[in-house]
Structures are given as C-alpha cells and as structure tokens.
Amino acid sequence: MNADIRLALRQLRKAPGFAVTAVLTLALAIGANAVVFSVLNAIVLRPLNVPHPESLFMVERAYGSDTTPSQSYQDYLDLRDRNHTFDSMVSDDITGAVGLDTGSANPSVVWPYLVSGNYFDSLGIKPYLGRFLHASDEHGKNSAPYVVLSYAYWHSQFNGNPAVVGATLKINKHPYTIVGIAPRDFRGTELFFAPDMWAPLVDLPQIGGWDPLELRGDHFTWVVGHLKPGVTPAAATADLNTIAASLAKSYPKDDDGLKFILSRPGLVGNTLGRPARAFMAGLMLLAGLILLAACANLGSLFAARAADRSREIAVRMALGSRVQLILRQLLTEALLVSIAGGICGMAGAVAILRVLSTWRPIPDIPINVPVNPDVKTYALALVLAIGSGLLFGVVPVRQVLRSDPWQIIRSGSSGLGGARRLTLRDVLLSLQIAICAVLVTASLVAVRGLARSLQSNFGFQPKGAMLARTDLHMAGYEGDQRVQMQKRMIDAAEAIPGVSAVGYSDRLPLSISGNDSSVYTDTTTDFRPTNSAAERSSSIYRPNISAQPEPRFWLAAPSQCTMGTRLRWLLWSIVNSPVSSSAPSTRRSVAITKRGAARA
C-alpha cells in the first residue's frame with residue numbers, strides 16, 4: 001500500500017496542473033456540501049440543547065389551514081392547569097429591546113427572554129452560578145424583581161465576575177436582582193435568538209410598558225412543554241383540543257373555533273420550521289448536484305489522463321504486470337486526489353461556518369444560529385471524499401479492463417478501449433453539461449426572484465422616508481408624559497427644513513413581532529375569531545396611539561388603497577412591542593418624508 005501511495009504521489013507531481021485542478025474542483029463541491037449540511041444539521045437535524053428534547057413540543061393555535069404559535073397568557077394558564085398529557089408547560093416571549101443600567105456611566109440596550117416562573121425547572125436546566133427563577137417567585141403582576149444572565153452576556157459585560165450574583169441592576173428604570181447565570185450553551189428554546197438575560201413574564205407591564213396578561217384575546221406569548229412518558233403527540237393534541245372546546249364555549253368572543261396542534265420548538269414551530277426545512281432540502285439537493293457535476297468533470301479528466309498514459313499502461317500489462325496492481329494504483333491516485341480535495345474543502349467550510357455562526361442578519365437584534373461543524377459534518381465530508389474518489393476513479397479502471405494492450409502497442413493508439421461512436425467521456429461530458437444547465441437555471445431563477453422581491457409593490461412607497469425610533473418607557477416616561485413627548489417630537493420633526501410630512505404609528509409595515517389580530521369587515525357585529533375576514537400577522541402595519549391613529553399619519557408615503565383612493569401616509573413604528581388597549585404605546589419609530597420624494 002505504501003508503494004502504491006508513493007507511486008500515485010509521483011504521478012501527480014508529474015502533472016501539477018491536473019492535480020491542482022482536480023483537488024480544487026472537488027474541494028469546492030465537498031466544501032459546499034459540508035456548509036449546507038452543517039446549516040441543515042444546526043437548524044433541522046440537531047435537537048435542542050435541553051434535557052429530553054424528543055418530548056418537547058410547542059403548542060400552536062389553528063384556525064382552518066393557518067397556524068400561529070402565539071397564545072394569550074390566560075389561555076396558557078388554562079392549558080397549563082387543565083391538561084392531562086404534559087408533565088409541564090412553560091410560557092416565554094421575546095419582548096424586544098429594553099434599557100439596562102448596571103450603575104456604570106454607560107447604560108445599554110439588551111434583549112431579554114420573558115419567561116414563566118417554572119421555565120427553567122420544567123426544562124430541566126441547571127444554573128452555572130446562583131439559582132434560576134422559580135414559580136414560587138411569582139405573586140402577581142410585577143412581583144418578581146429577578147433576572148438570570150446568559151453566560152455570554154455575563155462574560156462580555158461583567159468579565160465573568162461571580163460576585164455579580166446578588167447585585168442589582170435597573171431595567172427600564174426598575175430595579176432587578178441578578179439571581180443566577182445560565183449554562184454556557186443554553187440559549188432558550190428558539191435556535192435563532194441569543195438572549196442577554198431571562199426575566200419574569202409577570203413583570204411584562206413593568207418591563208415592556210404594556211399589560212396584556214389579563215387580555216384573553218391578546219396573543220403574544222409562546223407555549224412549550226414536555227409530554228408525559230408514554231403519551232403520543234396525537235393523544236396530547238386531543239387533550240388540548242378538549243380544553244380548546246371548553247374555552248371556546250366559555251369565551252366565544254376570544255376563543256371561538258379555537259383548536260391546537262403540536263409542533264417542534266426551535267424555529268417558532270411551523271412558522272419558520274416548515275419553510276426552513278423546505279429551503280434547506282432544496283439547498284442540499286443543489287449541493288448534491290454540484291458534487292455530481294464535479295465527479296462527472298473529474299471522471300472526464302481521469303479518463304483523458306488514462307488515455308494519455310495508455311501506452312505506459314499497455315507496456316506494463318504486456319510485460320506481465322498484474323491488472324489488479326494497475327487498477328489499485330489508479331484507484332489510489334483517485335483517492336489521494338479526493339482526500340486532498342475533502343481536506344481543502346472542509347478547511348474552507350469551517351472558515352465559512354465560523355463566520356456564519358457569528359453573523360447577525362439584523363445588527364441591532366441578537367439573532368444568529370451557531371452552525372459550527374460537528375462530528376456529523378466531518379463524517380459526511382469523509383464519506384463524500386471517499387465516495388467521490390471511488391466514483392470518478394472507476395472511469396479509468398473501466399477503460400483498462402476493456403483495453404487490449406497488444407492492439408495499443410501495435411497500432412500506437414493513444415486511447416484505451418478502442419474507437420467507439422460514443423465513449424464514456426462523451427457520456428460524462430453530456431451529464432456535466434446537463435447538471436450545470438440545471439444549476440445555472442436554478443441560480444438565475446433565484447436571482448430573478450430576489451430582484452423582483454426587492455422591487456415588489458408593498459402598497460406603500462418607502463423612498464424618501466426616514467425613520468427615528470424611540471422608547472419612551474425605557475426613558476422613564478409614564479402616562480400622559482408619553483403623549484406629550486410624542487407630540488413634542490412630531491412638532492420638532494416638522495420644523496426641520498426640507499421635511500414635508502411627519503407622523504407616527506406603533507408598527508412598520510412588514511415589521512416583525514410576536515402577536516396577531518383578526519381583521520373584520522365593516523358590516524361585522526359579532527367579533528368572534530371565526531367571523532374574521534382574515535388574520536393579521538405581526539408583520540403587518542397597525543397604527544395606534546391610545547387606540548387611535550394619529551391624524552398626521554396619512555401624509556408621507558404614497559399608498560394605493562383597495563378602492564383606488566390615493567393616500568399619502570407616513571411610517572411610524574414601535575418595533576417588536578405590541579400595544580394593549582390599557583396603555584399607550586411607548587416604543588416608536590418616526591418616519592419623515594422629504595419634499596418631492598413621495599409625490600402622488
């Protein structure tokens with residue numbers, strides 16, 4: 001075997017151009033497959049980093065064919081207390097950015113998880129330092145002034161100082177005590193969100209500045225739970241739907257037609273999970289086609305190389321060299337190329353995956369997914385390397401087995417296998433062209449779709465609009481102070497030279513949030529969920545200031561209504577913060593339209 005490896009290395013050194021081309025071709029293909037598989041493994045295949053992830057499910061509401069993970073806090077309490085199939089149920093919510101004051105000269109903005117008191121105990125997570133939140137900490141609204149820091153935030157902001165446990169900090173001007181540090185690898189039950197800390201959900205009125213806890217129709221929180229041993233998802237779904245029927249009868253205005261389904265947490269149930277799985281399956285298919293095209297290319301290269309060496313191989317066979325020895329040497333050469341390509345491809349894949357693991361698509365929001373390669377990724381790269389080497393290494397082997405060495409020596413032919421109308425290289429070339437045509441077509445379709453989406457008609461014209469986001473609750477404004485400050489900001493923005501219109505709203509069109517509402521026709525008198533014309537997801541615009549649109553809102557960006565009326569309106573948004581009817585919104589983004597930028 002050592003002699004075969006040394007001979008294969010000598011042969012490759014004689015043709016450095018061929019060797020480099022073959023290694024780089026395979027490195028690109030294996031690297032692409034390793035990157036795609038590692039992402040697929042991280043977001044689809046790898047279980048959540050919690051004890052017994054196989055029994056952990058998310059509860060989603062179902063209205064017809066649509067589902068949403070958002071639940072009201074009151075429905076969560078009923079599900080938690082009345083079900084017979086879950087060991088425990090917890091509620092959590094990504095409320096958005098809050099102001100944090102640690103007593104230093106530089107207050108900062110952090111993103112917490114708001115969780116029910118039984119969150120950590122139910123998931124079976126143990127603290128790295130101190131203790132966690134417990135159900136016994138909750139005694140009603142704003143009754144649990146405790147927080148748990150994430151390991152990453154503790155290290156980055158407190159330098160890993162264990163003395164911070166027991167210290168006090170302020171969240172939106174309210175004091176909270178640090179009671180513990182979460183484990184290094186625990187980020188919660190959603191893969192994409194890296195929270196800075198965990199705070200009690202019952203303190204949402206104090207932290208978030210709005211109070212949906214007693215509103216059964218306000219769906220803002222997510223519910224997950226562990227099934228009891230031996231309970232199937234189907235049995236749990238039936239149990240939850242029995243509760244749903246009772247809730248629909250008791251609270252028809254809010255829960256009429258309510259049904260529940262179970263999904264896996266990690267990607268907000270089916271909201272992101274279903275499209276993510278479909279997208280990653282498509283990417284994996286494309287990566288496989290790239291590898292197949294690379295193998296066809298390398299098969300052609302090795303076939304051409306075998307043809308160039310045909311007289312050498314024929315002479316060796318004529319002198320009595322065993323065919324098995326020659327075939328072994330050819331396969332050894334192919335495997336060396338494939339392993340070298342696999343190593344180079346995996347090295348490039350690791351570098352790319354490290355960048356992806358720290359990449360934040362939205363810089364101001366801690367959204368990222370760790371996609372660092374694990375044993376499965378390295379094993380896949382090894383299998384693909386060896387399999388690819390055997391696949392394209394068979395091509396010259398086939399030529400040797402079909403060749404007549406005496407005929408080659410007598411005729412002086414430079415090819416193996418004799419003259420044929422259709423050679424194997426022709427077949428490989430045709431296969432390579434076909435696969436590349438599919439890949440190029442798919443890429444062009446994807447690019448064209450992306451270009452069209454960037455130029456889509458969203459129903460409003462954002463050109464010329466500038467946004468300024470504020471959070472008055474974070475700054476300590478309460479009650480009527482908020483309304484007065486909002487009016488002062490609007491007046492100040494209108495006085496800026498070059499500004500043609502100013503307005504405000506609590507949400508941008510197509511923005512992200514965790515709640516939803518139903519939409520009814522103007523003739524509806526019975527406002528049950530089953531009578532709604534549509535359900536508005538959190539990404540759709542909803543104007544609100546004390547439950548009424550601000551009059552100047554409809555002035556800045558041109559928008560086409562369904563009845564053909566041309567409106568000019570301005571985008572003002574509260575980011576990631578639903579608005580309750582009990583208190584005016586505090587987090588807002590001002591949109592200012594320049595003169596001449598939004599003409600009808």
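By salt bridge I mean a side-chain nitrogen of Lys or Arg within 4 Å of a carboxyl oxygen of Asp or Glu. Arg216 sits in the loop between H6 and E12 and Asp78 in helix H3, so this pair ties together parts that are 138 residues apart in sequence.

A word on the model. It is predicted: local features need pLDDT of at least 70, side-chain atom pairs count only at pLDDT 80 or more, and totals for chains, interfaces and linings use all residues. Residues are numbered from 1 along each chain as its sequence is written, and side-chain values use heavy atoms, with hydrogens and water left out.

Back to Arg216. It forms a salt bridge with Asp75 too, and there the closest N and O atoms are 2.6 Å apart. That pair links distant parts of the chain: Arg216 is in the loop between helix H6 (204-208) and strand E12 (222-227), while Asp75 is in helix H3 (residues 73-82), 141 residues away. Helices (H or I, at least four residues) and strands (E, at least two) are DSSP runs, numbered from the N terminus.

Buried or exposed: which is Arg216? Arg216 counts as buried, at 9% relative accessibility. The cut-offs: buried is under 20% relative accessible area, exposed is over 50%, partly exposed is in between, using a 1.4 Å probe and protein chains only. Asp75 is buried at 0%. Asp78 is buried as well, at 17%.

Next pair. Asp211 and Lys141 meet in a salt bridge, 2.5 Å from N to O. Asp211 lies in the loop between H6 and E12, and Lys141 in the loop between strand E7 (129-130) and strand E8 (146-149), so parts 70 residues apart in sequence are tied together. Lys141 is partly exposed, with a relative accessible area of 35%. As for shared partners, salt bridges join Asp75, Asp78, Arg216 and Asp255 into one network. How many salt bridges does the whole structure have? The search finds eight.

Now the surface. Ile339, Ile343, Leu382, Ile386 and Leu390 make a nonpolar patch of about 440 Å². Patches are made of residues with over 30% relative accessible area and no salt bridge; like charges are joined within 9 Å, nonpolar side chains (Val, Leu, Ile, Met, Phe, Trp, Tyr) within 5 Å. Helix H11 (323-358) and helix H12 (375-402) each supply at least two of the patch residues. H12 gives the largest share, three residues. Leu382 is in H12.

The whole chain, quickly. There are 15 helices and 20 strands. Of the 600 residues, 48% count as buried. The chain exposes about 28,500 Å², and carbon and sulfur atoms supply 60% of that. Areas come from the Shrake-Rupley method with a 1.4 Å probe; for residues, only the protein chains shown count as cover.

Finally, confidence. pLDDT is the predictor's confidence in each residue, from 0 to 100. The chain averages 80, and 78% of the residues score at least 70. Over residues 537-551 the pLDDT is below 50, and that stretch has 49 contacts in the model beyond near neighbours in sequence. Residues 553-585 are also below 50, with 140 such contacts. A contact means heavy atoms within 4.5 Å. Where pLDDT is low, the predicted coordinates should not be read in detail.
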